[in-house]
Amino acid sequence: GEYTLTYFPVRGRGEAIRMLLADQGQEWIEDVVNGEIWQKGDLKQLCVFGQLPRFQDGNFILHQSNAILRHLARNHGLYGQDAKEAALLDMVNDGVEDLRLKYGHLIYQNYESGKAAYIEALPAELRPFEKLLAQNDGGKGFIVGKQIAFADYNLLDLLHVHLVLAPNCLASLPLLAGYVQRLNARPLLKDFLESDARKKRFINGNGKQ
Ligand SMILES: N[C@@H](CCC(=O)N[C@@H](CS(=O)(=O)O)C(=O)NCC(=O)O)C(=O)O
């Protein structure tokens, strides 16, 4: 059905969804909610958990960014080739979520005081993904199996935002560095990354990055 993403004018928890849709050649409506509108509360009270993103697939409404990614994965062949690959993709996506939560805590709770220590610890936080790449076809492909999956888009977004926070964070993680370059070069994703909408979009809601 027709896709609509209702979210704030930030990358945040919406960007992996946007990159999946763009790379899969899908169109969608950006229903952008700014802070003022959100503060009124009318929309918030309609949201299952009082939060955004909200995704509409025709008249089917879904919340929770990871549930949205998985819904799109099921409908676009982005959940691996079998149950084992699907399970590994869930493992990877949960690992992305763990680090995303830590990143969100840094950005929104203790940016000034926590930034140095966070960056110091970052290579160790990212190394599990380097190892997973190394175990899959020498790290020259995707995070699991032989095809791109929803967890790739979520991991790519996580790497994008960490490269802004700490430009050298992949210096000791060559497979991840190559992975980012390789995915960024995918024609439809490249167009998306070069679009004005992407370029003008803040990463987080408080302007910190
Ligand atoms: N687990 C949820 C978390 C959603 C969430 O935290 N949304 C925040 C915005 S952001 O963290 O995704 O940028 C929100 O709606 N905040 C506004 C509010 O809580 O009133 C998800 O993954 O979708």
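This report describes the fold of a predicted model and some of its residues in detail.

## Overall fold

The protein chain has nine helices and four strands. Its radius of gyration is 17 Å, close to the 17 Å that the globule rule gives for 209 residues, so the chain is as compact as a globular protein of that length. Read along the sequence, the order of elements is β-α-β-α-β-β-α-α-α-α-α-α-α.

The C-alpha trace spans about 50 × 45 × 30 Å along its principal axes. Of the 209 residues, 48% count as buried. Among contacts with a separation of 6 or more, 70% come from residues 24 or more positions apart. The chain exposes about 10,500 Å². Carbon and sulfur atoms supply 54% of that area.

Strand β1 covers residues 3-7, and five of its five residues are buried. Cover comes on both faces. Tyr3, Leu5 and Tyr7 lie on one side. Thr4 and Thr6 lie on the other.

β1 has pairing partners in β2 and β3. With β2 (residues 29-32) the pairing is parallel, over four bridges. With β3 (residues 54-57) the pairing is antiparallel, also over four bridges. Thr6 takes part in both pairings: its bridge partner in β2 is Asp31, and its bridge partner in β3 is Arg54.

## Helix α3

Helix α3 runs over residues 65-75 and is mostly covered. Eight of its 11 residues are buried. They are Ser65, Asn66, Ile68, Leu69, Arg70, His71, Leu72 and Ala73. The cover includes strands β1, β3 and β4 (60-63). It also includes helices α1, α4 (83-109) and α6 (150-165). Just after α3, Gly77 takes a positive phi of about 60°.

Arg70 has its place in this helix. Its relative accessible area is 15%, under the 20% cut-off, so Arg70 counts as buried. Leaving aside neighbours within four places in sequence, Arg70 is in contact with Tyr79, Asp90, Asn93, Asp94 and Phe150.

## Asn154 in helix α6

Asn154 sits in helix α6. Is Asn154 buried or exposed? Its relative accessible area is 3%, so it is buried. Not counting residues up to four places away in sequence, Asn154 touches Ala16, Asn66, Leu69, Asn93, Val96 and Arg100.

One joins it to the side chain of Arg100, at 2.8 Å. Another joins it to the side chain of Asn66, at 3.4 Å. Asn66 is itself one of the buried residues of α3.

## Arg182 in helix α7

Arg182 is found in helix α7 (residues 174-184). With a relative accessible area of 29%, Arg182 is partly exposed. Beyond residues up to four places away in sequence, Arg182 touches Gly139, Lys140 and Gly141. A polar atom of its side chain lies 2.7 Å from the backbone oxygen of Gly141.

How far is the C-alpha atom of Arg182 from that of Gln45? The two C-alpha atoms are separated by 41 Å. Along the chain, Arg182 and Gln45 are 137 residues apart.

Most residues other than glycine have a negative phi, and most peptide bonds are trans. Some sites in this model depart from that pattern. The peptide bond from Leu52 to Pro53 is cis, with omega near 10°. Pro53 has its place in the loop between α2 (35-40) and β3.

Gln64 is not a glycine, yet its phi is positive, near 75°. Gln64 belongs to the loop between β4 and α3. Its relative accessible area is 44%, so Gln64 is partly exposed. Asp137 also has a positive phi, of about 55°, although it is not a glycine. This residue lies in the loop between α5 (111-134) and α6. At 54% relative accessibility, over the 50% cut-off, Asp137 counts as exposed.

Terms used
Residues numbered from 1 in each chain as written. Predicted model: local features only at pLDDT ≥ 70, side-chain atom pairs only at ≥ 80, totals over all residues. Heavy atoms only, no water. Buried < 20%, exposed > 50% of the residue type's maximum accessible area, 1.4 Å probe, protein only. Helix = DSSP H or I, 4+ residues; strand = E, 2+ residues; numbered from the N terminus. Pairing = 2+ DSSP bridges. Rg over C-alpha atoms; globule rule 2.2 N^0.38 Å. Contact = heavy atoms within 4.5 Å. Areas by Shrake-Rupley, 256 points an atom, 1.4 Å probe, with all protein chains shown as cover. Polar contact = N/O pair within 3.5 Å; in protein donor to acceptor, adjacent residues only side chain to side chain.
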